[in-house]
Each structure stands twice: as structure tokens, then as C-alpha cells.
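Subject: Structure for you, with notes

Hello,

Here is the model we talked about. Please open it before you read on, and keep it beside the notes below.

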Amino acid sequence: MSFQAPKGVSEYVPPRSALMLRIRDAFADSARRAGYGYVEPSVFEETQLFVRGVGESSDVVTREMYTFDDRGGRSITLRPEFTAGVLRCVLEHGLHKGALPVKVWAYGAAFRYERPQAGRYRQFYQVDLEAIGTEDPAVDTETIAIAWDAYRALGISRLTLLLNSLGDPACRPVYRKALQEYLRGLDLDAETRQRIELNPLRVLDDKRPEVRAQLQDAPVMADFLCPDCAAHHDRVRELLGDIGIPWTDAPRLVRGLDYYTRTTYEFDHPLLGAQSAIGGGGRYDGLSEDIGGPPLPSIGWAVGVDRIVLAMEAEGLTGAETAGTQVFGVPIGDAARRIMLALVTSLRRAGITTDMAFGERGMKGSLKAADRSGASYAVLIGEREQAADAVLIKDLRNGEQVEVAAAAAVAWLTERVLGEQR
Ligand code: AMP
């Protein structure tokens, strides 16, 4: 019997997996430089947190959650997104009682029971970032800049920032009504008609051409923003201009999660086809109260690490991501193996990426392994070298060999390898 990973799960193995870490680190560096601290919230939560936080009428809650009863009879859900859990964690640990905004980021897997396809998985990875407890539009812009700079640091150049405002509890209900009235007059199937009553903004997100064609003249939120929301939105755009980040106004941009208010944005990559969103975020000024916390207007984003991998591959940005073995040890015989492991360990401690041949491979097999490793140098220790208290160092690029005293081997190799790196 053989096993396979469950359907729709994304897995990564070398060399491709190195990209995952590169992406995580680029976003982490960008977040840290702006004063965001790392949080590691629970991977699963009480189901009600997502029902109340993400929204009862959202697709995520109605059909995509991995929900089960644990052995104690509690309803548990694997996180389908980070924001609700991160906010719950911040509240539970009282971070909001200190200086505001609380600025945090997180990384890990999220789970949604979706129809698997390229760029859409049931287990996928996100970097998440949240600024909790401020209405200041400068923070909206800061969050965008942190993500933007991270994409750029990874070399991604084909990137579009789509920007919209979804209003607030003062103006959105008025818009919602106007939109519902418009949508009720269209030729739509029963399921979509139901959606008009439950969550009309989501209809704007329908990808089917026959629906899209009918949405051309749908009212847009921008025309309904109250003065406060309009001023907030204008300021975010002004500040984006100040720091040189281009955006596209996207009056029909809505998001899958119900908690968004005001600033809403998405990062799109044009080479990814249907699943072009490589990140997205926005304000969720009411979420804290929705889950039983104090009023804490907040904003944040989550970026899809799996899709960023695809975007980097589409842009040909996958080169040189493996740290690459620099030195490879070739011991001949048992006694030599013991010496070699000590030498290899010393080299690693000196900062050199080092590997060695394990098991009874013989000289030929070991040298082949050395070649295959991509190392610049092989270190050979056989009976002759042991007798001379030396090692034989072979430059695998040109075949030149030199004998070096065993005690001097680490210094000799460190000087060469690090020197060549400079
Ligand atoms: P969301 O929480 O839906 O706004 O998702 C934020 C980002 O996570 C999206 O822009 C995608 O890049 C990524 N993402 C969301 N769902 C999936 C999925 N099922 N598979 C892969 N990536 C996803």
C-alpha cells in the first residue's frame, strides 16, 4: 500500500522549497524594519470565532471550512485565514492594553475546502500582517508599502495594486441597498439571486462573463462614500503617491471575507491566470467588537506564498536559491570517516556549506557524489593522508590538487571559499 498527500494540498521539496523560505524571509524583513513583531497564533480555533469574525454569509464560512468536533465535543476549525485568530490572540494576551497600534506578523498554513486548481489549494501558506488599534490612513499606506517592498525585494516586477474603499457602517448600508435594487433587475440564476439578499457585494466578484456583462452599470461604492470615508480614502491615495507606489482604482474590488471596511486592496500578478491575487488586505474596523473585544480599528493583509512561488517562476526568478554545497568530504575507510566528520563539522561552524559522502561508497562513488553536489572543493582523506597527518584538497572545477596539513585545512578552505564569495 502506498500513500499520497490529501487532494489539493500543496507540498514543497528541494530545490523548490527554498523559494518558500525566501518569500517568508523577504516579507518578514520588510515587516520587522517597520516595527512589526512575530506572533504564532493557534492553527485551530473555536469554530464560532470564524463564524462571527469572517462572517456567516461568506463563502469561506458557509462551505470552505475544515470543521470537526474534537474528542471533548468542542467544534474546532482549522484556520481558513489569519486575521480573526491573530486578533483573538492579541486580545487574549492583552497586547492592545499597551501602545497602539499593535503591529504584528505571522506565517503558516491556512486551510480551505476549495476546488483545487493551479494556485488554489486546500492547504496553502500565508504571511500575514496586522496593525491593530488605529484609524490613521498612514498605517493603511504603511501596510501596503511593506508588502510592496517585499515583492520588489524578491525581484517581482509585474505587480498591480488594486485599491478600493468599502465604506463603513454609515455609508455601506445605503450602497448595499442601491446595489441590491440594481442586481434584482438582472437575469441571474437562483443561487446568485439568493446571494443578492445575503451578500450582494460578492456578486460583483462573479467571474462568469454572462454575469460580468450585466454588471457594467452597477452602482459603485465610491459614489456612496460618506465624507469621513471619502477623506480617509483620499488621504491613503495621497500618501501612496508620496512614497511612489502606483495603484489602480478598482471600484468593483470586493473581498471574500465579510469584515472589511474602508480601505481594501489586492496585489495582482498578470502571469497567473485565474488565480491572479498574490495578496490582499484591508481595514476591519469592526472586527474586534464582533468577536467580543473593545473598539480597535485595524488594518492588515495576507499574501499567498504558494502563488508568489508561481509568480516568481513565471518571471524566471528561481535561480541561485539553493545555498549550494561549497565543500564536499571524501573519506576512504572507517578511520578516515571519523576524522572527516570532525573536519566537516569544523567547516560548517566556520560558515562553509559542507557535505560529505556517507556509507561505504568507495573512492569513485564518493568523488561522483562530490561532483554532483556542485561543491567547488573536495577534501580527500585516505590512508596516505592519515599517515602524513594531511588532507588532499581537490578543486573540482579544474582538477588541481594540493596537500594541506590537517591542522591547517579549515583555515585554508575558509580563506579560499569565503574569498571567492566576496
Ligand atoms: P484572502 O484571505 O482570501 O484574502 O487571501 C489572501 C491571499 O492568500 C490571496 O491573495 C491568495 O494569494 C492567497 N490564497 C487564498 N486562498 C488560497 C488558496 N486556496 N490557495 C492558495 N492561495 C490562496
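Let me start with a single residue. Arg 262 is buried, because its relative accessible area is 8%, and buried here means under 20%. Arg 262 sits in strand β9, which spans residues 261–268. Its backbone deserves a look too: phi of Arg 262 is near 45°, a positive value in a residue that is not glycine. Most residues other than glycine have a negative phi. Please keep in mind that this is a predicted model.

Is Asp 389 buried or exposed? Asp 389 counts as exposed, because its relative accessibility is 56% and the cut-off for exposed is over 50%. Asp 389 lies in the loop between α15 (383–388) and β15 (390–395).

**The sheet**

Strand β9 belongs to an open sheet of eight strands. The order is β1-β5-β6-β11-β10-β9-β7-β8, and the pairing is mixed. Which strands stand at the edges? They are β1 (37–38) and β8 (248–249). Each has a single partner strand, so one side of each is left without a neighbour in the sheet.

β5 and β6 run antiparallel and are joined by ten bridges. In that pair, Val 104 stands opposite Glu 130 of β6. β6 also runs antiparallel to β11, with seven bridges between them. Gln 126 has Gly 304 of β11 as its bridge partner. β10 and β11 pair in the antiparallel sense over five bridges. There, Gly 279 has Val 303 of β11 as its bridge partner.

How many residues of β11 are buried? Seven of the seven are, so β11 is largely enclosed by the rest of the structure. In a regular strand the side chains alternate between the two faces of the sheet. Both faces of β11 are covered. Ser 298, Gly 300, Ala 302 and Gly 304 are buried on one side. Ile 299, Trp 301 and Val 303 are buried on the other.

**The ligand**

The ligand is surrounded by 16 residues. The closest are Arg 112, Glu 114, Tyr 121, Arg 255 and Ala 277. By class, this shell has six nonpolar, five polar and five charged residues.

- A polar backbone atom of Tyr 121 is 2.8 Å from a nitrogen atom of the ligand.
- A polar side-chain atom of Gln 126 is 2.9 Å from an oxygen atom of the ligand.
- A polar backbone atom of Gly 279 is 3.2 Å from an oxygen atom of the ligand.

On its own, the ligand has 480 Å² of accessible area, and the protein covers 93% of it. Which elements give two or more residues to the shell? They are β6 (123–132), β10 (277–283) and β11 (298–304). β10 gives the largest share, four residues.

Gln 126, with its side-chain atom 2.9 Å from the ligand, is the bridge partner of Gly 304 in β11. Gly 279, with its backbone atom 3.2 Å from the ligand, is the bridge partner of Val 303 in β11.

**Helix α12**

Helix α12 covers residues 305–314 and is mostly covered itself, with seven of its ten residues buried. These are Val 305, Asp 306, Arg 307, Ile 308, Val 309, Ala 311 and Met 312. What do they pack against? Their partners are α1 (17–33), β5 (102–111), β6, α5 (137–153), β10 and β11. After α12 comes Gly 316, with a positive phi near 70°.

**Cis peptide bonds**

Most peptide bonds are trans. Two cis bonds are worth checking on your screen. One runs from Pro 14 to Pro 15, with omega near 0°. Pro 15 is in the segment before α1. Another joins Leu 100 and Pro 101, with omega about 0°. Pro 101 is in the loop between α4 (83–92) and β5.

Best wishes

Terms used:
Residues numbered from 1 in each chain as written. Predicted model: local features only at pLDDT ≥ 70, side-chain atom pairs only at ≥ 80, totals over all residues. Heavy atoms only, no water. Near = heavy atom within 4 Å. Polar contact = N/O pair within 3.5 Å; in protein donor to acceptor, adjacent residues only side chain to side chain. Areas by Shrake-Rupley, 256 points an atom, 1.4 Å probe, with all protein chains shown as cover. Nonpolar A, V, L, I, M, F, W, Y, C, P; charged D, E, K, R; others polar. Buried < 20%, exposed > 50% of the residue type's maximum accessible area, 1.4 Å probe, protein only. Pairing = 2+ DSSP bridges. Contact = heavy atoms within 4.5 Å.
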